[in-house]
Amino acid sequence: MRSLDDIFEEYDFLDSDDRYRLLIDLGRTLEPMPDALKTDATLVRGCSASVWVYPVPCDDGRLHFLADSNAAITKGIVALVLAAVQDRPAAEVAAMDIAGRLAPFDLTRQLSSNRTQGVPNMIALVADTARRIATA
């Protein structure tokens, strides 16, 4: 997965249509999430599309997430969130300002409110998971 900084470097130079395409392309790069993990327990509430996020704690304390969405642009937004946190130590993710890391993308200006309404819930789920694992 590309770093968030690398993604933003490309994103910053694109016009609105190309930014939309970049997000869709990012969604295509997500690691496949098995259908068996797409359950009510992994469903992110408040998203206009269905979004599933499943944490996979690694033995060394890092967090790896599997995620998917049934909408291409939403899947790209999921990929952006994961680019900020993927394979980082749980304690680091728990302390991270994920929304702040995503702020330069100005998603609320680029996309409709329907597309971005679930982002805070997705961020909260990732951060809560990291806090729970970091303190375990």
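**Exercise 1. Find what share of the 136 residues of the protein chain counts as buried.**

Solution. Of the 136 residues, 43% are buried, where buried means under 20% relative accessible area, exposed over 50%, and partly exposed in between (1.4 Å probe, protein chains only). Before going on, please keep in mind that this is a predicted model, in which local features need pLDDT of at least 70, side-chain atom pairs count only at pLDDT 80 or more, and totals for chains, interfaces and linings use all residues. Residues are numbered from 1 along each chain as its sequence is written, and side-chain values use heavy atoms, with hydrogens and water left out.

**Exercise 2. Work out the order of helices and strands in the protein chain.**

Solution. Start with the count: eight helices and three strands. Both are DSSP runs numbered from the N terminus (helices H or I, at least four residues; strands E, at least two). Then read along the sequence, and the pattern is α-α-β-β-α-β-α-α-α-α-α.

**Exercise 3. Compare the radius of gyration of the protein chain with that of a compact globule.**

Solution. Take the rule to begin with: 2.2 Å times the number of residues to the power 0.38, with the radius taken over C-alpha atoms. For 136 residues a compact globule would come out near 14 Å, and the chain has 14 Å, which agrees. Next, look at the principal axes, along which the C-alpha trace spans about 45 × 30 × 25 Å.

**Exercise 4. Explain how the buried residues of helix α1 are arranged around its axis.**

Solution. Helix α1 covers residues 4–11, and its L4, I7 and Y11 are buried. These residues cover an arc of only 65° around the axis, so they sit on the same side of α1; the arc is that of the directions from the helix axis to the C-beta atoms. An α-helix has 3.6 residues a turn, so residues three or four places apart point the same way. Finally, ask what covers the buried residues: the cover includes α2 (16–28), α3 (72–85), α5 (98–102) and α6 (107–110).

Note on methods
Contact means heavy atoms within 4.5 Å.
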